[in-house]
Amino acid sequence: MRQIGAQVQVAWTLPEPRGPQAHQRLAAAEVLRVEYPPGVEPAPDPNVFRRRGQVVGSASLETVGPGTRMVHTDASWRELRQEGVGWTLRYAVRLRDVRGRVSPLVLAPDLRTLEPLPPPGKLRAEPIAQGVRLQWDPPAGVSDALYRVYRARWGEPFPETPVHEEPLRRAEFVDQGVSAGQRYVYQVRVLLAEGPPWREGVPSESVEVVAEDRFPPRRPEGLLAVQEGSAVRLFWDPNPEPDLAGYEVYRRAPGTAWERLNADAVTETSYLDRQVEPGQRWEYALRALDRAQPPNRSEFSEPVEVTVQREPTGRGEP
């Protein structure tokens, strides 16, 4: 469970029914709440829900099955004195089968509510080479805020956990866990207090972005060409990009257009060109490409030139 702005969310996973019989099928879930005002220390009390627990939410289970993650949002705690701020809320969930029989209560950790902070403003998202860069404005009048960033695929709800482990101290974040071509939705919340159960301020407005890979690899460097027997061997330095797909090898006679030699990307950092003849002078160059569809290609490397010499025969020339 957690506080998000003026709401408290209680989440649980549906178990298997108690047995295979039709009358044991789960029919409904109920969420109960007990409140303790500010200054009152809640004490363990196994009968507190029986004496003064109130049902604050219910859900039909007719169309959902075991393993489903259920979420109930409770905003009614704001009706308590002082708008509920500083109250300790204790929630429990119970299930009913089709005959109305109830399960034992499952209790959530106590949550002491805090005054919701205003949302971060002007959330922006843009694709970059490393993923998606997010920036936002701190809430008005709030200094030294801690932030949590949430990401969801388009059309899906936000998950219960943020995309990073530790709270953020700066109003920016680069999400490197995205997949190119996917549409995402982001939201940022201010952390009101550290440690679970989590309490967060009012969420920012959501922003959508497509994680497009529009950024080509850098051009290959260190290209060398040496004659190897009657062929030409090329060597070069590896590119550092994590999404590198390989290299394209080009050749031309001086003053002519580049011709690509390999149909498939070369994944090593060397290439052997056997289609040469003695006396020929060639220029070679490379382009790196990534795994985007269609791939992004780098600029051409610095070209290198080699003249193919006739191999020695081992016999004296006449």
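1. Gln3 counts as buried because its relative accessibility is 0%, where buried means under 20% relative accessible area, exposed means over 50% and partly exposed lies in between, with a 1.4 Å probe and protein chains only. Gln3 belongs to strand S1 (residues 2-4), strands being DSSP runs of E with at least two residues and helices runs of H or I with at least four, both numbered from the N terminus. Leaving aside residues up to four places away in sequence, Gln3 touches Val8, Trp77, Leu111, Thr113, Leu114, Pro116, Leu192, Trp198, Arg199 and Glu200, a contact being heavy atoms within 4.5 Å.

2. On provenance, this is a predicted model in which local features need pLDDT of at least 70 and side-chain atom pairs count only at pLDDT 80 or more, while totals for chains, interfaces and linings use all residues. Residues are numbered from 1 along each chain as its sequence is written, and side-chain values use heavy atoms, with hydrogens and water left out.

3. The mean pLDDT of the chain is 93, and 98% of the residues score at least 70; pLDDT is the predictor's confidence in each residue, from 0 to 100. Confidence in the chain is lowest in helix H1 (residues 48-52), at a mean of 93, and highest in strand S20 (residues 270-273), at 98. Where pLDDT is low, the predicted coordinates should not be read in detail.

4. Strand S13 (residues 183-193) is mostly covered, with 9 of its 11 residues buried. S13 pairs with strand S11 (residues 146-153) in the antiparallel sense over 8 bridges, two strands being paired if DSSP finds at least two bridges between them. Within that pairing, Ala152 stands opposite Val185 in S13. Strand S15 (residues 207-210) is also antiparallel to S13, joined to it by 4 bridges, and Arg183 has Val210 in S15 as its bridge partner.

5. S13 also pairs with strand S14 (residues 198-200), in the antiparallel sense and over 2 bridges, and Ala193 stands opposite Arg199 in S14. The two strands S13 and S14 form a hairpin with 4 residues between them, and Gly195 in the turn has a positive phi of about 95°.

6. Elsewhere, 4 strands form an open sheet in the order S19-S18-S21-S22, with antiparallel pairing. Strand S19 (259-260) and strand S22 (304-307) stand at the edges with a single partner strand each, so one side of each is left without a neighbour in the sheet. Strand S21 (residues 281-290) pairs with S22 over 4 bridges in the antiparallel sense, and the bridge partner of Glu283 in S22 is Glu305.

7. The largest pocket holds about 420 Å³ of space. Of the 20 residues that line the largest pocket, the closest to its centre are Ala129, Gln130, Gly131, Asp213 and Asp243. The lining divides into 10 nonpolar, 4 polar and 6 charged residues.

8. Phe215 lies in the loop between S15 and strand S16 (224-228) and, at 29% relative accessibility, counts as partly exposed. Not counting residues up to four places away in sequence, Phe215 touches Pro127, Ile128, Ala129, Asp290 and Asn296. Phe215 and Asp74 are 141 residues apart in sequence and 45 Å apart in space, C-alpha to C-alpha.

Definitions and conventions:
1 Å grid on protein atoms, 1.4 Å probe; cavity = no way out; pocket = protein on both sides within 12 Å on 5 of 7 lines; lining within 4 Å. Points joined across faces, edges and corners; volume = space filled by probe spheres on them. Nonpolar A, V, L, I, M, F, W, Y, C, P; charged D, E, K, R; others polar.
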